[in-house]
Amino acid sequence: MADRRFAGLLEIGAASKELGSGANQGEPERTRLFITPMDSPVDGGDFNLSFRAAETDAARARENRRWLRFVVGRPVSCLHQVHSARVLDLDQVLEGAVFGDGDALAERLVPLQDEEADGQVTVRRDVALAAFSADCTPVAFVDEQDGVFGTCHSGRRGTEQNIVGAVVDAMRSKGAHAANISCWIGPHICGNCYETGEKIADAFAQRFPDVPGAAALTRFGGPGIDMGAAIAAELRQAGVPMEHIHTSDDGFVRECGKRTGRTDFMAFCTLENPLLYSYREYTLTSRPRCNGRFALVLVP
Ligand SMILES: [Zn+2]
């Protein structure tokens, strides 16, 4: 959180030893992961990054995306997320593009804003990958040793379709090894908060019979589901070692506490964390302030 370049973004994974496992001590810092807060670090206004979210200012969202590119220092690949299990190979899209030519890369990435897919993988280190969310689960994949990276958006439907398994497969096809992959299951509405009704909860429990608590009563008293637990199980099944699967992050939790002056909430839960967009919160409160999408951004 200390350096000026990424000022205002919420970092996750900074303390993890695994991020640097492929590099020797003294080598430049490698992959970094950020969560964008709902308050713009530029002017304190909204930092919504979706120009598709209903009743939001699309021009402002485009401006926010431009600023995101500026602050992470490279073009950011953004997809049109549709709750699918489709994973895009970014290297095919960018084939032949000169390394580091930011403007040319940004130009090539523009059509992806309308490309219907929910996951993306790359071996390039000159683009950043974004996964949008407002309660759904953004997931980051880092194989520093083999130099392969990915992100995805795994909401309830994406989780039922095992998009995280599809990302691991796509990374493998680019030379990654599941045993070398570290995953961050990003902020999402937690199992204690995500009320879905009985029908969805029952189907989820049947889909994940081996995951304890995949469906359970929430703190509001109704049936709900735990996306994070199901996604962790899918990652383990895909061969990602359990100790490489991160479901929270101390640095992120501390920073959220510092910014809010509170510690009585779960920082990785979008409904509880006042710094993050939550679709559920918006539908419950109708407060325009809560309407938008944040991003998990992977900067290889
Ligand atoms: Zn919660």
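**Entry 1: V167**

I call a residue buried if 20 or more other C-beta atoms lie within 10 Å of its own. I am working on a predicted model.

I looked up V167 first. V167 sits in helix α5, residues 163–172. Is V167 buried or exposed? I found 29 other C-beta atoms within 10 Å of V167, so V167 is buried.

Next I listed the contacts of V167, leaving aside neighbours within four places in sequence. They are V87, G119, V121, F141, G150 and C152. I also checked N273, which is 106 residues from V167 along the chain. The C-alpha atoms of V167 and N273 are separated by 27 Å.

**Entry 2: the six-stranded sheet**

I then turned to an open sheet of six strands. I read its order as β4-β5-β8-β7-β9-β12, with mixed pairing. Which strands stand at the edges? They are β4 (87–89) and β12 (245–246). Each has a single partner strand, so one side of each is left without a neighbour in the sheet.

I followed β4 to its partner. Three bridges join β4 to β5, residues 119–122, and the two strands run parallel. In β5, Q120 is the bridge partner of L88.

Helix α5 packs on this sheet. I saw α5 touching β4, β5, β7 (137–143) and β8 (148–154). The direction of α5 makes about 165 degrees with that of β8.

**Entry 3: the five-stranded sheet**

I traced an open sheet of five strands too. Its order is β1-β2-β13-β6-β3, again with mixed pairing. The edges are β1 (10–12) and β3 (76–77). Each of these has a single partner strand, so one side of each lacks a neighbour in the sheet.

How do β1 and β2 run? They run antiparallel, joined by three bridges, and β2 covers residues 32–35. I12 stands opposite L33 in β2.

**Entry 4: helix α1**

My last stop was helix α1, residues 58–72. It has 15 residues and reaches 21 Å from its first C-alpha to its last. That is close to the 21 Å expected at 1.5 Å a residue.

I noted the buried residues of α1: A61, N64, L68, V71 and V72. Why do I put them on the same side of α1? They cover an arc of only 80 degrees around the axis, which puts them there. An α-helix has 3.6 residues a turn, so residues three or four places apart point the same way.

I looked for what covers the buried residues of α1, and found β3, β6 (128–133) and β13 (294–299) among the elements. On the other side of α1, I found A59, R66 and F70 exposed. G73 follows α1, and its phi is positive, near 80 degrees.

Terms used: Residues numbered from 1 in each chain as written. Predicted model: local features only at pLDDT ≥ 70, side-chain atom pairs only at ≥ 80, totals over all residues. Pairing = 2+ DSSP bridges. Helix = DSSP H or I, 4+ residues; strand = E, 2+ residues; numbered from the N terminus. Buried ≥ 20, exposed ≤ 12 C-beta atoms within 10 Å, placed from the backbone. Contact = placed C-beta atoms within 7 Å. Axes fitted to C-alpha atoms, helices over the stretch in contact; angles between N-to-C directions. Expected span 1.5 Å × (residues − 1). Arc of directions from axis to C-beta.
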